[in-house]
Amino acid sequence: MSLDKATVASIANLARIKVPDDRLEAMVGDLNAILGFVEQLDEVDTTGVEPLASVTGHSLPQREDAVTDGGYQARVTANAPESVHGFYVVPKVVE
Amino acid sequence: MSDLLDLTLAEARKKLAAKDISSTELTRAYIARMEATAALNAYITTTPDKALQMAEQADARLAKGEAGALEGIPLAIKDLFCTEGVLTTAASHILDGFIPPYESTVTTNLWQAGAVLLGKTNLDEFAMGSSNGTSYYGPVENPWRSTDEPDKKLVPGGSSGGSAAVVAARSALAATGTDTGGSIRQPASFSGIVGMKPTYGRCSRWGIVAFASSLDQAGPMARTVEDAAIMLQAMAGHDPKDSTSAPEPMADLTASLDQGVKGMRIGVPAEYRVDGMPEEINKAWQQGIDWLKAEGAEIVDISLPHTKYALPTYYIIAPAEASSNLARYDGVRYGLRVDGGSLAEMYANTRAEGFGEEVRRRVLIGTYVLSAGYYDAYYLKAQKVRALLRRDFDQAFEKVDAILTPTAPSDAFAIGENEDDPVKMYLNDVFTVPASLAGLPGISVPAGLSERGLPLGLQVLGRMFDEGSVVRVGRALERAADFRAVAAMVREG
């Protein structure tokens, strides 16, 4: 499968990464080279194979549903590009 | 160059315990060396004041007889580990100015063992790369130069290139690395040092900037197998804050270190003889096989039939997980923000400017393979082939106790080489990626020099959670290889 400019532009929108029009062509080439490489997997017969998502063989541990950490609003927001009164500030989203 | 810098971690530990040297002396020697080797660009941040403070505290504990396993040992930390109060960048523009308000579990373990922080090392951006060439902070130079083109600057490998370079240049006694597809082992091979990736789950991932969560694993980079074993022992351990952290404690690695390989069965996989591999890599591999045979190991030919599909599998799974992990860089909570007319535009502008080219590529590939309609064809398919790769290893380990392969298909290449073609760069990890996908522990040990005088590593892989066999075989190779070569800049001080 080969990607075209429109598809790459739509992926870039999904990924929230601006790709300027003059860079789109080069990105299409790069992504198609990578996809061409990974499509070798089509040769492998995977009928009846269970997908492997985790290698550890452990089931995920569970713990009591209790607050064990937190309560440091100032430290959490200390790295924000913009924060006011312990909250993050973003561009206006509701007109 | 101070003689103190020639001590291995194990030797320094003895001298510190015997009070022949102090941590402050040792740390001062490393700080001077960091300054003298600054041109390598191996550190993004150095923390000399903090180092001296920590050394002083270590000396106090040594004096009181309260020394930890790494008391007073000066270490470098890959700049992917969050360090409280110390800039942490992942070598990305998007984390500009990020000062973590918390410490990663692995580094917490190291400081609790008494280690001293020298600084944070350079890496490929978000650990995505095999040359350290994708760093926002510029490439790292390998301390080694080739005999045929001594003026050419070489890469230290990647992504843990800074960590490899500082250990090879003697500007840290040892360093942490992280390995997602070979990022500890390949730079260790390129830089003539030992690098070990433990079993997935051995070291907590908590507080390590995430790349591909089902693959990422921290490990030590050091001068000897023993040093790596000592350091890994301090780094590893169960952590409730990482749900994939292994509950079983790791056996004492230093105890099995010198048991030798007599009677061990060592597998040699036919599929690792890839087309176009330089003859000297084959030769180094054969040498390793001969050494282990001479030490009494039984060499067994094995087959890992899906090996050639490991890289394509990796280049679906790793970007997919990365695209999800890197969604958090949105210009709101930390790091860079580039304004836009709306919230969506601010996100898109921030991520376009904040991520470098390779990271943008991988996030886009990952977004595509996870998107509706393509998920089954790419991501699910890759997870199925991953199961087959794992089965190959499971079947091999019914017949053998460990596997011996080359670490990388070449010696160190020049800075700027292989950069025109992403897929060509990916091929660097052809021998390291399969074990990453299977979650297995592996080590790279320097085995000799290439025809142009550059280090070549051999890789030992073990069963899940069997780091003991990995260091045992690694130590046997190290003893046989007796690799004493150092980079010219170390020889000349």
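## Helix α2 of chain B

A residue is called buried if 20 or more other C-beta atoms lie within 10 Å of its own, exposed if 12 or fewer, and partly exposed in between, with C-beta atoms placed from the backbone. By that rule, the buried residues of α2(B) are Ser23(B), Leu26(B), Thr27(B), Ala29(B), Tyr30(B), Ile31(B), Arg33(B) and Met34(B). This is a predicted model, in which local features need pLDDT of at least 70 and side-chain atom pairs count only at pLDDT 80 or more, while totals for chains, interfaces and linings use all residues. Residues are numbered from 1 along each chain as its sequence is written, and chains are lettered from A in the order in which they are written.

Helices (H or I, at least four residues) and strands (E, at least two) are DSSP runs, numbered from the N terminus. The buried residues of α2(B) pack against α1 (9-17), β1 (43-46), α3 (48-63), β2 (74-78) and β3 of chain B; contact here means C-beta atoms, placed from the backbone, within 7 Å.

## Around Phe126(B)

Phe126(B) counts as buried because it has 32 C-beta neighbours inside 10 Å. Leaving aside neighbours within four places in sequence, its contacts are Ala90(B), Ser92(B), Val209(B), Phe211(B), Leu326(B) and Val359(B).

## Where the chains meet

Across the interface, 37 residues of chain A are in contact with 52 residues of chain B. On the chain A side, α1 (5-14) and α2 each supply at least two residues, and α2(A) gives the largest share, 6 residues. That side divides into 27 nonpolar, 5 polar and 5 charged residues. In this sorting, Ala, Val, Leu, Ile, Met, Phe, Trp, Tyr, Cys and Pro are nonpolar, Asp, Glu, Lys and Arg charged, and the others, Gly among them, polar.

One helix pair joins the two chains here: the axes of α2 (residues 21-38) of chain A and α10 (residues 310-325) of chain B come within 8 Å and cross at roughly 130 degrees. Axes are lines fitted to C-alpha atoms, for helices over the stretch in contact, and angles run from 0 to 180 degrees between N-to-C directions. That makes α2(A) oblique to α10(B); angles under 35 degrees count as roughly parallel, over 145 as roughly antiparallel, 65 to 115 as roughly perpendicular and the rest as oblique. Ile34(A), Phe37(A) and Val38(A) meet Pro312(B), Tyr315(B) and Ile316(B).

Conventions
Contact = placed C-beta atoms within 7 Å.
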